[in-house]
Amino acid sequence: MRSTFNSDVLARSSELKNLTTKKVQQITNARNKLLIVQEELQKQYLLARKMQESMHERYTRMQRLGKDFVEMKRLPHSDALDAIFEKLKRQELDSKLVGQEGRTLYDFVDEKSVQGLQEQTGKEIAIVRSSLNETNEFMKIVDNCIKNLTVLHESVNVPDTSEQELAEKIHVQNGFLKDIEYHTAELTDLESKLGESMASQERRKHVRDSIMRCEDRVASVAKKIESTAIEYGVAYEKALNFFTALEDEVPRLKTMLQEFEYNAAQFDQRIGTISAMLTELKNLVAWYHHFHDAYGELLREIERRQIQMQEHQILIQKCQQDLDEAASEESARRDIFSKSFGRYLPPGLCPGIYEPVVSCRILPPKITSELPRAFSFQRSSAAKNFLVTSDEKNEKKSEKEEKDKV
């Protein structure tokens, strides 16, 4: 029975030692594989993070470009257009110009085109707002995906136990196993030589206790090795879960990135379109202001041209009168010459002396124009008020220019 105890202890410890050695080899192999897998998983994870960062950069740019449109309460230049249109409605046209009473400058505004441009601009701005809202929800999905991957990424850790530490544990276990072998041999020797004296019993008990302690230590080392093996198993399982998630999410993120880049490009184009429309609205405001001012200058120009035509007509009449008087005077002098000397001159001597006086006519004898004839003499009250206001503006402008010079 005693020899059975010794052999059982030695057999159990040897078996634990063999199992531990195999387990250490398995751990070493698992560690090497796990390090390789972890490196590849890190690459895929960084790729996913890079795609997220790329989308966030574009999203930030979209938010910056669309910020003014999101916060916009009223379409830009609408107030300015309303103001100039109201001004055009109040400006009555001279009936001599348009042939009827009650017409205003606003009658020449292409109202439908302006309203169409405003409506289209509003629709484009609404699409921009909707796109930003959709992109915001889109980025929440991306961020949530990366958040889940980050949790899995942080859970994958290669245990700290190194190959050297494992070798040291095997070395310690072998030492305990040698102690068991030594004490087992000693116990066998004691049992064969000593009798049942008190000293013999105490010595055997002491040796047996030493064997039990060594066996416990061998088992303790094996337990620690097994615990390490379990840690590697758990780490490998987490790495597998991370790998599975990456295998699903990375291709999905690539597809989402392509979709996002397309939508971002469409967004940029739409922002460009809106900017062009707003510029056109701004230009319309300026154009209609010039139109209003040009009407005032038109009244001045009509008046100036009519005065010029009158002066020109007077000049034509005076010149024609001078030409007629000069021709009459010349004709009288030629008659005197003919009566005094012509009858004595033979016709063939100088035929040209008998040529008639050249009489010049100015053509056209009268200036015609499509400008309203009575405009400058019977100007409407609307035209008078406009020109008075225009004169005041010009005077203020001149005063300002003189001050600026000083």
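Two residues are in contact here when they have heavy atoms within 4.5 Å of each other. Please keep in mind that this is a predicted model.

## Overall layout

The protein chain holds 7 helices and 0 strands. Read from the N terminus, its elements follow the order α-α-α-α-α-α-α.

Of the chain's 406 residues, 30% count as buried. Sequence separation is worth a look too: among contacts between residues at least 6 apart in sequence, 88% join residues at least 24 apart.

## The nonpolar core

The largest nonpolar core has 54 residues, and the members that touch the most others are M55, F85, L88, L149, L253 and Y288. Helices α1 (2-70), α2 (78-90), α4 (111-155) and α6 (198-341) each contribute at least two residues to this core. The largest share, 23 residues, comes from α6.

Setting aside neighbours within four places in sequence, L253 contacts A48, M51, M55, V142, C145 and I146.

Q52 is found in helix α1. Its relative accessible area is 11%, and Q52 counts as buried because that value is under 20%. Beyond neighbours within four places in sequence, the contacts of Q52 are M139, V142, D143 and I146.

## The loop between α1 and α2

M72 sits in the loop between α1 and α2. Its relative accessible area of 17% makes M72 buried, because the cut-off is under 20%. Which residues does M72 contact, leaving aside its neighbours within four places in sequence? They are I125 and R129. M72 and I125 are 53 residues apart along the chain, and their C-alpha atoms are separated by 9.2 Å.

H77 is found in this loop between α1 and α2 as well. Phi of H77 is near 70 degrees, a positive value in a residue other than glycine. With a relative accessible area of 28%, H77 is partly exposed.

T104 lies in the loop between α3 (95-98) and α4. Is T104 buried or exposed? At 10% relative accessibility, T104 counts as buried. Not counting residues up to four places away in sequence, T104 touches L88, K89, Q91, E92 and L93. L88 in that list is also one of the core members that touch the most other members.

## Empty spaces

Rolling a probe the size of a water molecule over the atoms shows where empty space is left. The structure has 1 cavity of 30 Å³ or more, and about 30 Å³ of space lies in the largest cavity. Its lining is made up of F337, S338, G342, L345, I353 and Y354. By class, that lining has 4 nonpolar, 2 polar and no charged residues.

The second largest pocket has a volume of about 210 Å³. The residues lining this pocket are M62, S131, E134, T135, F138, E259, F260, N263, Q266, F267 and R270. Helices α4 and α6 are the elements that give two or more residues to the lining, and α6 gives the most, with 6 residues. By class, the lining of the second largest pocket has 4 nonpolar, 4 polar and 3 charged residues.

## Cysteines and a cis peptide bond

How many disulfides does a search of the whole structure find? The search finds 0 disulfides.

The peptide bond from L363 to P364 is cis, with omega near -5 degrees. P364 is found in the loop between α6 and α7 (381-405).

Technical notes:
Residues numbered from 1 in each chain as written. Predicted model: local features only at pLDDT ≥ 70, side-chain atom pairs only at ≥ 80, totals over all residues. Heavy atoms only, no water. Core = buried A, V, L, I, M, F, W, Y, C linked by side-chain atoms within 4.5 Å. Buried < 20%, exposed > 50% of the residue type's maximum accessible area, 1.4 Å probe, protein only. Helix = DSSP H or I, 4+ residues; strand = E, 2+ residues; numbered from the N terminus. 1 Å grid on protein atoms, 1.4 Å probe; cavity = no way out; pocket = protein on both sides within 12 Å on 5 of 7 lines; lining within 4 Å. Points joined across faces, edges and corners; volume = space filled by probe spheres on them. Nonpolar A, V, L, I, M, F, W, Y, C, P; charged D, E, K, R; others polar. Disulfide = S-S within 2.5 Å.
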